[in-house]
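Here is a short note for someone opening this structure for the first time. Please read the points with the model on screen.

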Amino acid sequence: MKAFISIDLEGMPFVVIPGHLGLKGSLYKEAREIATNVTLPVAEELHNNGFEEVVIADSHGPMVNLLVDNLPEYIELVRGYPRPVSMVAGVEDCDVAMFLGYHARAGTAYATFDHTYSGRAIHRVIVNGEEASEFLLNAYVAGDSKIPVILVAGDLRLLEDDVRQHAPWAERVVLKKSLGRGAARSYGMGRIEKELRNGVKQALATFKQNKAKPLIAKPPVEMQVTFNSTYFADAAELLPIVKRVSGLDIEYTAKNMVEAYKIFELLSLAASGVWAIKQNQ
Ligand SMILES: [Zn+2]
């Protein structure tokens with residue numbers, strides 16, 4: 001059996017300032033160590049419970065966050081960006097998926113670094129009429145390959161809102177309770193590691209009882225995106241399948257979630273490109 005893990009940073013414990021999040025950040029080194037210390041016990045627990053291989057998609061920013069010095073041989077790391085299906089690259093031939101360090105969607109109160117894909121470009125994403133977090137978008141891509149998400153660890157608000165609602169069978173491990181966008185409470189790593197290991201065991205028990213379901217976005221998938229600037233909507237509507245609905249809003253339809261996600265990824269990249277061009281003018 002093969003397990004998949006996707007790693008983000010904003011939902012990791014103790015990660016609370018912008019300096020944690022970027023390659024040049026003042027506390028980036030600390031964030032990388034935290035992410036690695038959260039991830040490796042989960043991978044080890046999976047390996048101890050019958051998974052010969054664990055594919056880990058490093059999925060924050062430039063996607064080179066995890067420290068690679070001491071990766072055990074059963075781990076295969078997906079590193080770097082851009083890449084097809086971004087945060088879930090490599091999920092397609094796994095048996096189960098887990099998301100670690102995940103955060104709440106844009107506009108959530110009391111949630112550190114609440115955003116959806118791009119804090120700069122994206123205000124809201126709606127999939128088939130339902131507002132989506134990164135958890136839901138990524139779970140739907142796994143769902144296209146019939147893979148269930150069986151454990152999510154991260155910000156309490158994401159776990160209590162989206163995960164509980166859409167995947168009630170998934171184990172929820174709280175890594176932080178946020179007091180706002182820039183502050184959170186977390187227990188020490190010893191306790192977190194214990195809860196993660198117990199969470200993996202419980203998640204696998206649920207999986208073995210066939211109680212974990214893949215999340216499927218019913219095709220055709222209808223996507224609505226609200227940008228933070230008309231610059232980004234101007235770029236998005238250049239794609240013929242994209243319909244401009246208003247200054248900030250676009251919509252498009254895709255044949256399945258993987259296709260919808262890839263187009264969304266392209267629109268985010270286009271927004272980053274426009275932003276970079278405008279910064280230099
Ligand atoms: Zn991130």
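Is W275 buried, partly exposed or exposed?

1. W275 is partly exposed, with a relative accessible area of 30%. The model is a predicted one, and the values in this note are computed from it.

2. W275 has an aromatic partner in F232. The two ring centres are 6.5 Å apart and the planes make an angle of 55°, a tilted arrangement.

3. Y117 is in the loop between strand 4 (96-102) and strand 5 (122-127), while F264 is in helix 6 (residues 257-279). The pair therefore ties together parts that are 147 residues apart in sequence. Y117 and F264 are both buried.

4. Two further points concern rings. F99, Y102 and F135 are linked by ring pairs into a cluster. At Y187 the neighbour is a charge: the charged end of R191 sits over the ring, 3.6 Å from the ring centre.

5. Which residues of helix 3 (residues 156-166) are buried? They include L158, L159 and D162, along with V163 and H166. Around the helix axis these residues cover an arc of only 125°, so they lie on the same side of helix 3. In an α-helix there are 3.6 residues a turn, so residues three or four places apart point the same way.

6. The buried residues of helix 3 pack against several elements. Strand 4, strand 6 (130-131), strand 7 (149-155) and strand 8 (171-180) are among them, and so is helix 2 (134-144). At the start of helix 3, the backbone nitrogen of R157 has a side-chain oxygen of D155 within 2.8 Å.

7. On the scale of the whole chain, there is a division into domain 1 (2-116 + 133-208) and domain 2 (221-279). The centres of domain 1 and domain 2, taken over C-alpha atoms, are separated by 26 Å. In the contact between them, domain 1 supplies 13 residues and domain 2 supplies nine residues.

Technical notes:
Residues numbered from 1 in each chain as written. Predicted model: local features only at pLDDT ≥ 70, side-chain atom pairs only at ≥ 80, totals over all residues. Heavy atoms only, no water. Helix = DSSP H or I, 4+ residues; strand = E, 2+ residues; numbered from the N terminus. Buried < 20%, exposed > 50% of the residue type's maximum accessible area, 1.4 Å probe, protein only. Phe/Tyr/Trp six-rings, centres within 6.5 Å; stacked < 30°, edge-to-face > 60°. Lys NZ or Arg CZ within 6 Å of the ring centre and 35° of its normal. Arc of directions from axis to C-beta. Contact = heavy atoms within 4.5 Å. Polar contact = N/O pair within 3.5 Å; in protein donor to acceptor, adjacent residues only side chain to side chain. Domains from an automatic or database assignment.
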